[in-house]
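Work through the exercises below with the sequence and the model side by side. Try each task before reading its solution.

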Amino acid sequence: MLLALIVLLPFAGSVLAALLPKHARNVAAAFAGTVALACAVLVAIQYPQVTGGGVVRSYLPWLPDLGLNLYLRMDGFAWLFAMLVTLIGALVVFYARYYMSVKDPVARFFSFLLAFMGAMLGIVLSGNLIQLVVFWELTSLTSFVLIAYWYHLDEARRGARMALVVTIGGGFVLLLGVLMLGAMVGSYDIEVVLASADAIRGHPWYAPMLVLIIVGALTKSAQFPFHFWLPRAMAAPTPVSAYLHSATMVKAGVFLLARLWPALAGTELWFWLVCGAGSLTLLGGAFNATYQRDIKGVLAYSTISHLGLITMLLGMNSRLALVAAIFHMLNHATFKASLFMAAGIVQHETGTRDLSRLCGLRRAMPLTATVATVAAAAMAGVPLLNGFLSKEMFFAEAIATGDFTGLDFSLPAIATLGSVFSVAYSVRFVHQVFFGAPCGTLPRPPHEPLAGMLLPSALLVLACVLVGILPSLTFGPFLETAALSILGEGMPAYRLAVWHGVTIPLLMSFIALTGGLLFYFWQYRSGRAMARPPLLWRLESQRLFDVASVRVTRGAGRLVEYLFTSRLQPQLLMIVCLALLAGFFTLQRGGWLRGFMPLTPIDPLFALLWVAGGACAIGAAVQAKYHRLAAVIMVGAVGLATCLTFAWFAAPDLALTQLTVEVVTVVLFLLGLRWLPRFREWDDPQRKTLRARARRARDAVLAVAAGIGVSALAYAALTRPATSHLSEFFVENALAEGGGRNIVNVILVDFRGFDTFGEIAVVGTVAIIVFAMLRRFRPAPESMVRPRVQEEEDAAREAVIDDFEDWLPAGYLKIPAVLVRLLLPMAGLVSLYFLFRGHNAPGGGFVGGLVMATALIVQYMVGGTIWVESRIRLLPQHWIGAGLLAAAASGLLAWLAAEPFLASQEVDLGGLHLSTVLLFDAGVYVVVVGAVVLMLIALAHQSLRSPRKRVEPVERRASLRRAPVPEEAG
Amino acid sequence: MEVVYALATGVLAACGVWLLLRPRTFQVLLGLSLLSYATNIFIFGMGRLTLNRPPIIRGGTPVDPAFYADPTPQALVLTAIVIAFATSALFLVVLLALRGLTGTDHVDGREPGE
Amino acid sequence: MSLLLTHLPVLPIVVPLVTGATMLLLRERHRRARVTLALASAVVQLGAAVTLLAFTTGLVPGAWAEGIGVYRIGGWPAPFGIVLVVDPLSALMLVLFATVALAALVYAVAHWDNPGQPFHSLLQFLAVGVNGAFLTGDVFNLFVFFEILLTASYGLVLRGLGSQRVKTGLNYIAVNLGSSALFLMGVALIYGITGTLNMADITRTLPALAPADRTVFDAGAALLGVAFLVKAGSWPLNFWLPRTYSGAVPPVAAVFAIMTKVGIYAVLRVGTLLGEDQLAAAILGGILFYTGLATLIAGSIGMLSARYLARFVAYSVVVSTGLLLATLGLGLEELTAPVLFYLATSVLTTAAFFMLTGMAERARLTHPQPESTAPAPKPFHVAFGVAAPDPYGLDEEVGTAIPLTMAFLGLVFVFCVLLVAGLPPLPGFIAKFAVLSTALGTNAANQAPVWLLTIAVLVSGFAAIFASSRLGMRLFWAQAARRVPRLRVLEAAPVALLVLVTFAMAAFAPAVMQFLQAASASLHDPDAYVQAVLGGAP
């Protein structure tokens, strides 16, 4: 449980810190520091249990069947890292208290810092690889927000994003690798993984899995070729750089490599990947560090190169090298953190980090100078300092590993060369900043910082010295414990001591020191600013990354134009093709086409009907573009053929409905035609081009294929015996249960009334949408021009245009008007008749409604829009609403009888026999009338838009009568 | 009879699909209505072809499915007709609005050249 | 009360329909009444859905046998009349939709003083369609409800009638009308062969079919499948989706977030009821998996290309569809529960994300100037060797305190991104990991598809981070972001709520997973379904 506390405490602290007032610097710092120290103590007291290969475990099951549990384990290695994280964390918090400006909203800062600490501890203490990856990604996220803490600075934002993308991406790669590893071993438990080392190395997936995991580790530890994000992360506040980007987070990668070392290491591949990447990073980093202009730049690249050194050690496949690696992790953390703090102090007190402007500060700030110098010496590997010891071991291992693969000299050579550079940049750092003549103008007169700012750095340096002089009394035992926890019984014998006698490693150190000094001073004397590394400065990672990022976006955009084209035709094409494919794949089995039923004899009349119908359909297809009117008429003819077919095969209801729908549809289409642009075959350039022809050919093929498919399926179904046992039930119960002779109608309003219910909902919805749209609709300008006929007609009616009060429109429409007026009440009666008889004979609410609507349309045709609109009183929306409610009510009435929704109820009101079914059908009727009238009004009303001026007074009068004249958009 | 019926369905479907793939909104509209005719006839056909035995119970004829055309597909077709009518009306209005707003009747709201 | 309980299954359909119809009777100016009605209906729907869910879990004593409830519309016996069937899956979907709809409604109410007369009615009718589609046990009735929800969605897409909206609207309508024709043909064939429309009845009659008839039936099922894939928004049938969703107003987009899942639901439902036939299952599985994979990849590319947030979220919807389809395509029963978990989280997340987009939009930042391909200029002291205006003097830096609004927006944004990208520690990760680890755990005969899926999922997550970091930084950290949008608590609340719900799902993951296990169990037991629906009927 204590372990869980160690991990959870920082997160809880982070939440609390976020709630503190923005600028409560002292409170926030004190709080964060306390949390860090508390964690440190909690870790420290675990030490007795982890010595001698002991392990502390704590297991909180959560989703066991998914292998998602909180499983923490602490062994010596984890303990060491946890100590490192918490102690340095405490120091950094202390330092940040003085570093951050008073005006900074530091609450957020400390909250993020604590969150990071928790995540880092999570990595260190994870006993489960998935969980490790979880915390791994968390550190990436927290590092992102910390780098971008000053997000108003451009480089902070860009640097943060680059760091995020690289580390998160690495995290995903790592996750994949871990998933593979888990699949290989059968568990994500680290101990199981470590136990089955041989199985892993022998596994066919070993190579890919290894590559993935190593890539993940390298991205995190800023190793070549993923090193470029770290220097840009220096835009973060210096405490962050000191903590995340030198001491802890970047160590996570090498931590993982060391953690899995027993399971994964020991193969050629491991050597080449890890050691190769390490050595390249060591050299490249050191070289770059020598030529930075920014102090933090120097430190960043040196961090990269030191991490490279550690990686190299891990890659050497030797147990002693592993020990050295762990040792160097510690040493590097101590001196590099203190160096960053020193750099921060310099910047804080002088106002710049520009090496070319700084010089001779040792007079102004002697203490800082001393601290920084010692730390830099440790970094350079000067004897009697901790850096020296681990570097000695490194050299020794380089020599020892030299003959591992016939590269007898390359490894030692690389090691020495790297150290030469590291000496050079250490010297440069100290010499340029603190020595030489005091330079003139700095943004601010330099002076010693507050003691509190210097203290953490000084403490760390003290550690460097102590370890450097008395290694076996300081880090010795802890190192022992850590190494033992990884290596187990195979623990090599080694001796931490300052003096091993005159050995080759000592010689190499000597070469490195002298060579480094010579190299630096040679460069210095040659008077070059050393402001940028030769050759390599052209690789501006940030710029390359940004360009790449933009390229990716652009490229994806270009792809998307094809993947998600905005053109409609390809989409419909896709649907048709996929439908054809789906049909083809299922039907290719064959043998399904012909059923067993004998064919009924062909009636020539029917055949003739469909010869005509087919001809009309084809005609419509051909003419639809250039002769719309003709096309509409032909489609209407096809509709009639359909209608006749229904009649032919004993479906009077369908025939009736089809007919009425046909009328209304054609009227709608005709109303719409007016607003479409005019087309003439001969002034269409695209028509004749080859591509157009090709496209038409392709579509023709597809269309024919679809037609064949449909015909075949229809034929297959038609030639099979009918199987419907639904219909038996319907036929038998229509009269007895449903109380109607017209079975279809009984199905519609009773057996499957729910469908009808939905259907009228659709109709109503459509009407609402149409109405809402046409309120705002503007016809295209060129179609505003009034047709010649209308002009003449109006000229003729000029005299009488005003009196719309008149019963009959004036002009030549008088006679038809009379007839139509007479028609209206009759049509109303007919429609009601259809409605009422529907239950027993062809008809029903829908047909009735359409008849009524048609009658109203005819009024429009003859009387003209204004004439009718100035006489209709009811708002069609209300009709729709009322109709739907009526239908719903008929359904809900059943509840009173404790029967399910839509169960039909008979009511006897003094001999008057009423059924809820009738109410339902009446609802349908009302909805249909309302909807159709609404659509037609809205559509026909458009004609008022174009010649607005001429009918102004009339329209006003019309609106006075609360006619449903659609409002303008307003 | 079945052959003619099936062919009729196929022809309607083919014309519908062809128009569906055309570039002008009005063509697509007509294509959709032809397609809906095809669909309706198709559904209707699923009740098999029966001559002059409308599903309306007459006194005298026994209440036995054998004496009536299959009513279920007819009911389905009725619903389908209504929905098709509503949706094509909507499509008509939308294409008018598109025409009004963009000035073209191309399905993409812009002439291919542009 | 008991009256309501017995009629509970039909409430999610009747309530919104009555509400919508009543709204039509209100005049333009009765805004408050309309809003009250809408909220009331949404709350009732949520309550009904949750109660139904409780019934299916069997927590309520005296509820239905093996957690499947059947409601016979009109009181007609099962295969003849239309039945509503409530099983754990449909109940879950109902709850999801009700939650999202309520949140979207509150948001919309807070957001617009007058969203226009039809808006609320359309929202109600949309609810009718969606709930009906989840509930019905009858294929033709399913078609009808699909039409209702589509029609309502047409209206909501066209809302506001910009020329862009009308373009996308026409596109959307045309595609869906085409697919509806397929749907009808499929249903017709199924009826023509089996002679019934009731899903359970179809399942029961399948084994008796002669092979030739079975072939024709499969053709019908295949057409149905294509129609479903269009609704589910699977590539290459989903070109309309990104523009339509990102074009719609935020609350509508939020509701749409679940509409693709209606298609997924249909695939699941009909698939499990029809899919015993090995050959069909194999073909179906293969097609589902590869279309799903294609959808996943296409969606990720879309994410990368997104220039503003709404579009990004729309593509994330595509990605989630792809993941769902591909996973279902693997055809492993033990995957169903994790997939449902993922479905739930992704629906809630995308809904919240869409609404967040709307709020951030008010900072006028979601349509930033497209970044230039020109490489960032070198620091000019490098170029000209002159002393720079000290680029290293980041001295005395003072971070800017984030105003509360931006802090909230930023926080929710980060959460949504993490959820979408499936990054730890949020449920998005749990869901994806659950899917992947289960898939890897099951020693399926052929591991290659599983790994393909795994890689695709991880890559898509990376793409999400890559794109969203770019968008988010320009949205919240660009200098222009100084202008802070005003934010009403009422519109912030639903977004926060949705995110919190996902957190709760993570916190109570064991319980949730247990329920989902039950759901998948009942889903993969068609016989129980048939038994519950038909009972001893002939």
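**Exercise 1. Decide whether A:Arg752 is buried or exposed, then find its salt-bridge partner.**

Step 1. A:Arg752 has a relative accessible area of 2%. Buried means under 20%, exposed over 50%, and partly exposed in between (1.4 Å probe, protein chains only). A:Arg752 is therefore buried.

Step 2. Its side chain meets that of C:Asp138 in a salt bridge, 2.9 Å from N to O. The term requires a side-chain nitrogen of Lys or Arg within 4 Å of a carboxyl oxygen of Asp or Glu.

Step 3. This pair crosses between chains. A:Arg752 sits in the loop between helix 31 (743-751) and helix 32 (753-776) of chain A. C:Asp138 sits in the loop between helix 5 (117-135) and helix 6 of chain C. Helices (H or I, at least four residues) and strands (E, at least two) are DSSP runs, numbered from the N terminus.

Step 4. C:Asp138 has 0% relative accessibility, so it counts as buried.

The model is predicted: local features need pLDDT of at least 70, side-chain atom pairs count only at pLDDT 80 or more, and totals for chains, interfaces and linings use all residues. Residues are numbered from 1 along each chain, chains are lettered from A in the order in which they are written, and side-chain values use heavy atoms, leaving out hydrogens and water.

**Exercise 2. Describe the salt bridge between A:Glu191 and A:Arg73.**

Step 1. The closest N and O atoms are 2.6 Å apart.

Step 2. The pair links distant parts of the chain, 118 residues apart. A:Glu191 lies in helix 8 (residues 190-195) of chain A, and A:Arg73 in strand 2 (residues 68-74) of chain A.

Step 3. A:Glu191 is partly exposed, because its relative accessibility is 23%. A:Arg73 is at 6%, so it counts as buried.

Step 4. Over all chains, the structure holds 21 salt bridges.

**Exercise 3. Characterise the interface of chain C and chain B.**

Step 1. Count residues: 24 of chain C are in contact with 27 of chain B. Contact means heavy atoms within 4.5 Å.

Step 2. The two chains bury about 2300 Å² between them, 87% of it on carbon and sulfur atoms. Buried area is the accessible area (1.4 Å probe) that two parts lose on being put together, summed over both. In chain C, C:Leu170, C:Met185 and C:Tyr191 lose the most area to chain B, together 26% of what that side buries.

Step 3. Locate the chain C side. Helix 6 (139-158) and helix 7 (163-194) each supply at least two residues. The largest share, 15 residues, comes from helix 7 of chain C.

**Exercise 4. Which residues touch the most other members of the largest nonpolar core?**

Step 1. A nonpolar core is a set of buried Ala, Val, Leu, Ile, Met, Phe, Trp, Tyr and Cys residues joined through side-chain atoms within 4.5 Å.

Step 2. The largest core has 594 residues, and A:Leu314 and A:Phe754 touch the most other members. Helix 3 (residues 71-102) of chain B gives the largest share of this core, 20 residues.

Step 3. Follow A:Phe754 into chain C: it touches residues including C:Val10, C:Ile13, C:Ile73 and C:Phe145.

Definitions and conventions:
Lists of a residue's contacts leave out its neighbours within four places in sequence.
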